[in-house]
Amino acid sequence: MKKKVLSVLLAATMLTGILAGCGNGATTDQGGAGTSDAGTTDAGTTDAGSTDAGAADAGAAAGEGAVLNIYTWNTEFMNRLTDHYPGYTKGSDNTETDENGNLKGTVEGKIGDITVKFNITPSKDNAYQNNLDEALLGQESAAADDKVDIFLVEADYALKYVNSDYSMAVKDLGITDADIADQYKYTQDVVTDSNGVLKGLSWQGCPGVMFYNREAAKEVFGSDDPAAVQEKVKDWAAFNATAKELHDAGYSIVTSAADTYRTYSNNVSSPWVVDGKINIDENLMNWVNDSKALVDAGYIGTSELWSADWSKGFFPDGKVFAYFGPAWLVNFSMSADTEGSIGYNGGWGATEGPQGFFWGGTWICAATGTDNVATIKDIMLQLTCNPEIMKEIVIKDDDFVNNKPTMEAMAQDTSYSSKVLGGQNPLAMYCAGVNDLDLSNLSDYDQACNEEFQKAMLDYMKGNVDLDTAKENFFKAVVTKHPDLTY
Amino acid sequence: MKMGKRSKAVRFNKWGYIFLIPFLVTFVVFQLIPLISTIVYSFFEYYRAGLKVVGPNFLGLQNYIKLFSDADIWKYTGNTLIIWLMGFVPQIIVSLLIAAWFSDPSLRLKGQRFFKTVIYLPNLIMAAAFAMLFFMLFSKGGPVNSILVNSGIFAEAYTFLDHVWPTRILIAFMNFLMWFGNTTILLMAGMMGIDTSLFEAAQVDGATSTQIFFRVTLPLLKPILLYVMITSLIGGLQMFDVPQILTGDASPNNTSRTLIMFLNNNLYSKNYGMGGAISVYLFVMTGILSLLVFKFTNGKKK
Amino acid sequence: MAVKFDDKQKASKGVGIGIRRVIAYVVLILVSFLCLFWFYVLFINATRSEGDLNRGFSFLPGGNLAANWTKMLNFPMISMGTGMLNSVIVSTLTAALCTYFSTMTAYAIHAYEFRLKKPMFTFILAVMMIPTQVTVLGFLQLVRGMGLEDNFIPLIVPAIASPVVFFYMKQYMESVLPLSLVEAARIDGSGEFRTFNSIVLPLMKPAMAVQAIFSFVSSWNNYFTPSLILHDDKMKTLPILIAQLRSADWREKDMGVVYMAISFSIFPVILVYLILSKHIVQGLAMGSVKG
C-alpha cells in the first residue's frame with residue numbers, strides 16, 4: 001500500500017510539475033500580451049477624456065466613504081471598470097503573493113482614495129441573489145464601509161430590486177434625463193419601477209437578431225442575402241412555413257422550441273402578473289401553439305439551450321439553419337474560434353427575424369444607503385453615457401453599447417465588419433431590432449414565470465402532458481415560488 | 001456482579017456528561033435555533049414578496065392543511081421513495097456481495113486493493129459535475145444514443161430524459177454509482193470488526209461459504225447494516241442534488257421531483273412557513289420509516 | 001490462514017469455487033469499469049476546447065490540455081491554488097473535528113450509564129432525521145449575526161455535532177469495543193480521558209478512517225453553504241470557484257476550463273482516500289478484539 005501511495009504521489013507530482021511547467025511558460029507570454037493591450041487602452045482612455053476624468057476625481061474624493069462595495073456574479077463589470085473608467089487603478093496583480101504564499105489584493109481596486117471591493121458570488125443555485133438579499137436587508141445596520149454601494153442585476157429579476165426601496169432613483173444621484181437621452185428605451189424599461197422611476201443604467205444593449213447558416217440559405221433558398229432570407233422569416237407565419245421547406249431539405253429551422261421563446265416573450269402586450277394574479281399573454285400562447293405544431297411535425301426539437309444537442313448546430317454537421325441571439329452569442333459562444341465551425345469560416349449571416357428581442361445585459365444599480373453617491377454617479381455617467389468611452393467599449397469588448405448615435409454611426413461605417421458573419425456589418429440589423437423594442441410589460445416575477453412556463457410547456461410539446469395539465473403545473477410551480485400570487 | 005458494577009460506575013458516570021459537552025455545545029450554538037425556528041415557523045405565514053418580508057403571522061395549522069389538501073405532496077413522496085428504492089436495492093445487494101467476496105478468504109481474489117479503491121472513486125466527483133457528464137452521455141446526440149443506434153438496437157435516437165422511467169432509472173443509477181462504494185466500505189469496515197475465529201469455527205463445523213455469510217457474517221454485521229439502512233433511508237428521503245441537476249427540475253409531469261426539490265422551490269421566496277411544514281412532515285415520515293426499519297431488523301434477531 | 005481455509009473448502013459443498021471466482025471477477029471488472037469510466041470522460045473533456053465541446057461528445061482526447069490548464073491558472077479573479085489551499089484547510093479540519101468528537105460522543109453513550117443516556121441517544125437520532133435544507137437559511141442569519149462571514153469557523157466547527165457520524169461510531173463500538181477493556185484500563189488506574197484517547201481511539205481507527213474520508217469528501221464538494229458564507233476571493237473554496245468559472249462572462253466562459261478545474265479538484269481527494277484507506281486495511285490486523 002505504501003508503495004502504491006508513494007507511486008501515485010510521485011506520478012501526481014510529476015504530472016503537476018509538467019503541467020505547471022507548460023503553464024508557466026505560456027503564462028508569461030499571455031500575461032505580457034495582456035498587459036501591453038491594457039496599457040494601450042488605458043493610455044487612450046486618459047487622453048480621450050482627460051478633462052472629464054480630472055473633474056470626476058475631484059468630485060469623487062470629497063466627503064465620500066472610504067470603501068465602494070460592488071456586488072456582482074462575475075468579472076464583466078470589473079473588466080469594464082478597469083479598462084474604461086478613468087481614474088480606476090487595478091489592485092495588485094493576480095500573481096503577487098504575500099509572505100504566506102497567499103494571493104493578495106485580487107479583489108481591490110482604487111478610485112482616487114476610495115477602495116473598490118468586489119463581492120463576487122456565482123449565480124448558480126441563486127447564490128448571488130441570496131447573498132445580495134441578505135446584504136440589502138442588513139444594509140441599515142451595516143457599518144458604513146460594509147454597506148452595499150453598487151449592485152448589478154440582470155433583466156429577469158431586475159424589477160425585484162428596482163421595485164424595492166433598496167435601489168436608488170438615478171435622478172437622486174444627480175443624473176438628468178438629458179444625460180441619458182441617447183440610451184435605448186428598452187434598457188431603461190427594464191429598470192423602471194412601477195411608479196415610472198428609473199433606478200438603474202446599463203452600458204450595453206443586447207438586441208437580438210436571427211443568425212442563419214449561409215450555406216444552407218444558398219442551398220435551400222438559392223441566396224444568402226439577408227434581405228432574401230428576411231423575406232422567408234419576416235413574421236411567424238412565414239417562419240413556420242419556411243420550417244417545413246428547410247425540414248424537407250434536411251435542416252431544422254432552429255434546434256429547439258426554446259430558441260424562439262425570448263422573441264415571443266419580449267413582445268407581449270401584458271405582464272406576467274396582473275393584480276396579483278398570474279396572466280398568460282396571448283403571444284406566449286402563440287409560442288406554445290406554433291412550437292407545438294413544429295415539434296409534432298418533427299421540424300424542431302425540445303432540447304435545452306446550452307446543451308450539447310443544442311450547440312451541435314454551431315457546426316455544419318448539426319444541420320441547423322438558425323439561432324436567435326445577440327452579438328455576444330455569435331461572437332463568443334458559437335465556437336467561432338474552433339476550426340470547422342460555421343463561425344470560424346464566416347458562415348453565419350444576420351437578419352432581423354420575425355420580431356425584435358434582446359438577450360442578456362447587465363444593469364448597474366445604486367443601493368440605498370450608499371455613502372459614495374458622487375462616485376456612483378460618475379461611474380454611471382462615464383460608463384453608460386460618455387460617447388467616447390462607449391465607442392472604446394465597442395472596439396475593445398465587442399459589446400453593443402447603449403448609445404444610439406455611437407451605434408448608428410458605426411452601423412454606417414463600411415470599415416466595420418464581422419468576420420464571423422462573413423464580412424457583414426450587422427449593426428444596422430441590431431439597431432433596427434432594438435429601436436422598437438417595448439419592455440414596459442415586465443414584472444417582479446419574470447424569472448420564475450419564464451423558467452416555469454418554458455419547463456411546463458416544453459413538457460406539453462414533448463407529449464408528456466396535455467395543455468391543461470401543463471398550465472396547471474405552471475401555475476402551481478409559480479405559486480410555490482411566489483406564495484403571494486394566485487391563479 | 002450487577003450490584004458491584006453499579007457502585008463502581010457511579011464515579012465514572014459524570015464522564016458520560018462531560019464527553020457529551022462538545023456535541024451539545026456545538027449543537028446548541030449552531031443548529032438548535034435554526035431547528036426550533038423551522039418548527040415554529042411552520043405555524044406561521046412567513047415569506048418574502050421580492051425583498052419585502054411578509055409575516056410572521058400566526059396561522060395555526062393552515063400551512064399543513066394547505067400542504068396535505070393538494071395531492072402533489074403524496075406524488076412527490078411517492079417519487080422520492082420509488083427513486084430511492086430503485087437505487088438502494090441494487091446498492092445494498094451489490095455492496096453485500098462485494099463485501100462478502102472480499103472477506104471470503106477461500107475466494108482469494110486478487111487485486112482487492114485496486115477494486116476497493118476504485119469502487120469508492122465515483123463518490124469523489126461532485127454531484128453537479130457527475131450530472132453534467134450523465135446529461136452529456138445520454139443526450140440525443142450523445143455517445144449512448146449513437147452506440148444504440150449504430151448497433152441497431154434503437155431505430156432512432158431516444159431522448160432518455162423526456163420519459164418517466166428512463167429518467168428515474170438514470171437518477172437511481174447515478175445514486176447507485178455514487179453511493180454503493182460508500183456502503184461497501186462501511187460493510188467491509190464492519191466485517192473487519194468480526195472475530196475471524198468465528199469463521200474458522202464455522203468452517204470446522206462444515207458450513208459452506210453461503211451458510212457462513214447468512215448465519216455468521218450477516219447477524220454480526222447487524223449494527224452496521226442497520227446503520228446503512230437508516231442513513232440510506234434518510235439520505236434517500238432527502239435526495240436532492242442528483243435529480244435537481246440531472247433534470248433541471250423539469251421531469252415529465254414532475255415525476256422525478258423529490259420532496260426536497262419541492263421544499264427547495266418553496267424556499268425560492270424564503271417561505272419559512274410552508275418550508276417548515278414540509279420539513280416537519282419529512283421529519284415525521286423519516287421517524288416512522290426508521291422505526292419500521294429498527295423493528296424489522298430487531299425482529300429478525302429471534 | 002488462507003491455506004487453512006482452502007483445505008476446508010475442498011470438503012464444503014458450495015458452488016464450485018472456480019465458477020464463483022469467475023463470477024466475482026466479472027462483476028468486479030464490470031463495476032470497476034462503470035466507476036472509472038467517468039474519470040476518463042472528465043479527462044477527455046478537460047483536454048477539449050469550448051468549441052470542441054459544443055460539437056458534441058468524443059471518446060478521443062482533444063489538443064487543449066495545456067491551453068485549458070494555462071487558462072484555468074490565469075482566469076481573472078480565480079486562483080485555483082488559493083482555492084485548493086482553502087479547501088484543504090476546511091476539509092481537513094472538518095474531517096478531524098467531526099471524527100474525533102463524534103467518536104467521543106458515541107463513547108459517552110456507549111460506555112457510561114447515566115440518567116439521560118437513553119433520551120440523549122434518541123434525541124441525537126431524531127436530529128439526524130431533520131432535513132438540513134430549511135435550517136441552512138436560519139444558519140446563515142446566525143452566522144451573519146455572529147459576524148462570522150468570510151470565516152472558516154462556521155464551515156468547520158459545526159461538524160463537531162454530526163449525528164450521522166456519531167450513529168456510525170456508536171454502531172461500530174457495539175461490535176468492536178467490549179466494556180471489559182474499559183474496566184481493565186480503570187483498574188490499571190488510567191483516567192477516563194486517557195482511556196478514551198489511548199485505548200478507545202486506536203480500536204476505532206478503521207471506523208474513524210472511514211468516516212474521515214466521508215466527511216472530508218462531503219466537505220470538499222460542498223458548494224451551497226460555503227457559497228453563502230465566503231465572498232472574499234482569498235477565502236473561497238474550490239466548488240465556489242468552479243461555479244464561478246461556470247457563470248463567467250461570455251468572453252471568458254470555457255467549459256473545457258471548467259472540466260479542467262473539476263479534474264484538478266479531484267486529485268487531492270484521491271490522494272487523501274488512498275492514504276486513509278491504508279488505515280482501513282490496517283484495521284484488519286486489530287479486528288479480533290471481541291472475544
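This is a predicted model: local features need pLDDT of at least 70, side-chain atom pairs count only at pLDDT 80 or more; totals for chains, interfaces and linings use all residues.
**View 1. Helix 14 of chain A lies across a group of strands.** Contact means C-beta atoms, placed from the backbone, within 7 Å. Helices (H or I, at least four residues) and strands (E, at least two) are DSSP runs, numbered from the N terminus.

**View 2. An open, mixed sheet in chain A has 6 strands.** Their order is 2-3-4-1-5-12. Strands pair if DSSP finds at least two bridges between them. Strand 2 (88-89) and strand 12 (363-366) of chain A are at the edges, each with a single partner strand, so one side of each has no neighbour in the sheet.

**View 3. Strand 1 and strand 4 of chain A run parallel.** Strand 1 (residues 67-72) and strand 4 (residues 114-120) of chain A are joined by 6 bridges. A:Val67 has A:Thr115 in strand 4 of chain A as its bridge partner.

**View 4. Chain C touches chain B.** Each chain gives residues to the contact: 83 residues from chain C and 83 residues from chain B. Helix 2 of chain C supplies the largest share of its side, 14 residues.

Residues are numbered from 1 along each chain as its sequence is written, and chains are lettered from A and ligands numbered from 1 in written order. Local features need pLDDT of at least 70, side-chain atom pairs count only at pLDDT 80 or more, and totals for chains, interfaces and linings use all residues.

Conventions
Two residues are in contact if their C-beta atoms, placed from the backbone, lie within 7 Å. Axes are lines fitted to C-alpha atoms, for helices over the stretch in contact, and angles run from 0 to 180 degrees between N-to-C directions.
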